[in-house]
Amino acid sequence: MKHLYDIKQFEQQQLNDLFVLADQIDELTVAETKTWHHGKTAMALFFENSTRTLMSFQLAAQRLGLDFNALNITHSSTNKGETLKDTLLTLDAMDVDAFIIRHHENNIAKKITQWLTNDSCIINAGDGTNQHPTQGLLDLYTIRCHKENFTNIKVSIIGDIKHSRVAASLIDGLYILGNRDTWIYAPNNLLPKSTTAHIATSMDDVLCNADVVVMLRIQKERMNQLPAVTLNNWHQQYGLNRDLLKRAKKDAIVMHPGPINRGIEIDSVIADGNQSVILEQVNNGVLLRQALLHYLLQSK
Ligand code: CP
């Protein structure tokens, strides 16, 4: 694999191999991994806001010895009318080994792979409502840290599924790993057009005996108008509180890709509680991005 634009590019064995590589990296010191890709360069182009993905890619690249640069989009020549294609071709002429791109347009990462003439790889850090494959990888890895396998667990995903590239990548990844017990719950107008997941009819239904609960925020930035369920009653109908979490299994883990909206999709007592693995997801994000960069760059 040269580029990663969609988690569906992976086969089951490749995902398992990547997770084993992450396990191995976790056992090593930064001094050891820093020699792996010394002299190579990664560049981030983020046309949308980010805290976790951008910073964890930076740390992951640096811990593998890469030089890491992030283009400041607001100060770049895109504001003088330069097209995205010309921007990419310009930066590609500087001998960059890996471009990490976040953009509002669906499928743009795949499109960019056809523009570049040099040997650089493209990594999708989130494209519109389409895919966020590295978030999917770190979410799957986090589940693997807590559950014995992917096939005998119920995974429940609640919130704005329609606009969530995180949910899309996670649902696809779970399917590749053999899970057939993935459930989603959202207002009808925030459900995806097609999905391999089961559609639940209530919070009770989606949470009943769940092993993994994934909460999502409303992606207001991707909506022309807010859904009929407003922020005020979102918490009542789609928010996770202590009583509702009791419907899930006692050892269920609670996940959220972040950023979280406390008191809307999740209560603080849950986000900060002992079933929450939200910060563990962040920690695994650096590790999985290290594994992915190594996986894609090792043949270069
Ligand atoms: N989960 C995620 O993509 O977070 P950021 O937007 O902060 O990168």
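The lining of the largest cavity divides into 3 nonpolar, 5 polar and 2 charged residues. Here Ala, Val, Leu, Ile, Met, Phe, Trp, Tyr, Cys and Pro count as nonpolar, Asp, Glu, Lys and Arg as charged, and the others, Gly among them, as polar. This is a predicted model: local features need pLDDT of at least 70, side-chain atom pairs count only at pLDDT 80 or more, and totals for chains, interfaces and linings use all residues. Residues are numbered from 1 along each chain as its sequence is written, and side-chain values use heavy atoms, with hydrogens and water left out.

**The cavity**

- A search of the whole structure finds 1 cavity of 30 Å³ or more.
- A cavity is a set of points, on a 1 Å grid over the protein atoms alone, where a 1.4 Å probe fits but cannot get out; lining residues have an atom within 4 Å of a point.
- The largest cavity holds about 70 Å³ of space. Grid points are joined across faces, edges and corners, and a volume is the space filled by probe spheres set on the points.
- Its lining includes Arg52, Gln135, His256 and Arg289.
- α3, α6 (133-146) and α12 each give two or more residues to this lining. Helices are DSSP runs (H or I, at least four residues) and strands are too (E, at least two), numbered from the N terminus.
- α12 gives the most, with 4 residues.

**The pockets**

- A pocket is an open set of grid points with protein on both sides within 12 Å along at least five of seven lines.
- The largest pocket has about 440 Å³ of space.
- Its lining has 21 residues, and Asn49, Arg102, Arg165, Arg217 and Pro259 lie nearest the centre.
- α3 (52-63) and α7 (165-176) each supply at least two residues of that lining.
- By class, the lining of the largest pocket has 4 nonpolar, 10 polar and 7 charged residues.
- The second largest pocket has about 360 Å³ of space.
- Its lining has 14 residues, with Thr129, Ala168, Pro192, Lys193 and Ser194 nearest the centre.
- That lining divides into 5 nonpolar, 6 polar and 3 charged residues.

**The nonpolar cores**

- A nonpolar core is a set of buried Ala, Val, Leu, Ile, Met, Phe, Trp, Tyr and Cys residues joined through side-chain atoms within 4.5 Å. Buried means under 20% relative accessible area, exposed over 50%, partly exposed in between (1.4 Å probe, protein chains only).
- The largest core has 84 residues; Phe10, Leu137, Ile157, Val213, Leu240 and Leu293 touch the most other members.
- Helix α12 (residues 278-297) provides the largest share of this core, 10 residues.
- Apart from it lies another core of 14 residues, among them Phe99, Ala109, Leu116 and Ile122.
- Beyond its neighbours within four places in sequence, Ile157 is in contact with residues including Ala167, Trp183 and Leu216. Contact means heavy atoms within 4.5 Å.

**The strands**

- An open sheet of 5 strands runs in the order β7-β6-β5-β8-β9, with parallel pairing. Two strands pair if DSSP finds at least two bridges between them.
- β7 (198-199) and β9 (253-255) stand at the edges with a single partner strand each, so one side of each is left without a neighbour in the sheet.
- Strand β6 (residues 182-185) is joined to β7 by 2 bridges, and the two run parallel.
- Ile184 has Ile199 as its bridge partner in β7.
- Strand β3 (residues 98-103) pairs with β4 in the parallel sense over 5 bridges, and Ile100 stands opposite Ile123 in β4.
- Strand β4 (residues 121-127) is mostly covered, with 7 of its 7 residues buried.
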